[in-house]
Amino acid sequence: MGNTLRILAISGSLREKSSNTALMKAIIALSSGDIQFTIYGGLGDLPHFNPDLDLDDGPSSVQELRLQLKEADGVLICTPEYGNGVPGVLKNALDWLVSSGEFMNKPTAVISASPTPMGGDKAHASLLLTLNMINAEIIEGGTMMIPHITLKLNKEGVITDFETKQRLLAVLKALEKVCH
């Protein structure tokens, strides 16, 4: 297991039937046996960011997020766009990481997916700004916007669009290459 990559997968949506969570799981299913994914499930458990609470280790849910990030070799984020921006819960999680440094030089792949023709472009751009500010390493070939996601992912969470599947495989390969 020494060569197995540990990737923390984060969906920017709390919705149970989120297409971005389904997409994230479909990407995990596409991956090789050399990658071990951990799905971060605590997004909804994080308190609202408050610098007064960000002392030492912070709240226990924040400590858990920081630990999972620290242990990961890389990160995969799949996010929708809400109100022309990053979902509040994802932005809140990133705010807890500004001062602690877990994203520093952490290889990161970023995918936004939306049922709209724009593919979540505003959330994608905003998320990249935030990740760059906290010094995440946005990997070359590791970003993607997927428009009309509901036409490319079936109800069972299987990617049905060949081109989308090939592009996602390329993102995975880029993430794997940088993390090794």
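**The lining of the largest pocket**

Reply: Four nonpolar, six polar and six charged residues make up the lining of the largest pocket; here Ala, Val, Leu, Ile, Met, Phe, Trp, Tyr, Cys and Pro count as nonpolar, Asp, Glu, Lys and Arg as charged, and the others, Gly among them, as polar. The model is predicted, with local features needing pLDDT of at least 70 and side-chain atom pairs pLDDT 80 or more, while totals for chains, interfaces and linings use all residues. Residues are numbered from 1 along each chain, and side-chain values use heavy atoms, without hydrogens or water.

The largest pocket holds about 400 Å³ of space. Among its 16 lining residues, Lys-17, Ser-18, Ser-19, Ala-22 and Asn-154 are the closest to the centre. A pocket is an open set of points on a 1 Å grid over the protein atoms alone, with protein on both sides within 12 Å along at least five of seven lines; in a cavity, a 1.4 Å probe fits but cannot get out, and lining residues have an atom within 4 Å of a point. Volume is the space filled by probe spheres on the points, joined across faces, edges and corners.

The structure also has one cavity of 30 Å³ or more. The largest cavity contains about 40 Å³ of space, and its lining divides into nine nonpolar residues, with no polar and no charged ones. These residues are Ile-10, Tyr-40, Leu-43, Leu-65, Leu-90, Ala-93, Leu-94, Leu-97 and Phe-103. Helix α3 (residues 88–95) gives the largest share of this lining, three residues.

Within α3, the buried residues are Leu-90, Asn-92, Ala-93 and Leu-94 (buried means under 20% relative accessible area with a 1.4 Å probe, protein chains only). Their cover includes β1 (5–11), α2 (60–71), β3 (74–79) and α4 (121–133).

These elements belong to a set of five helices and five strands, which follow the order β-α-β-α-β-α-β-α-β-α from the N terminus (helices, H or I, at least four residues, and strands, E, at least two, are DSSP runs). Of the 180 residues of the protein, 48% count as buried. Contacts (heavy atoms within 4.5 Å) with a separation of 6 or more come, for 78% of them, from residues 24 or more positions apart. The C-alpha trace spans about 45 × 40 × 25 Å along its principal axes.

Conventions: Buried means under 20% relative accessible area, exposed over 50%, partly exposed in between (1.4 Å probe, protein chains only).
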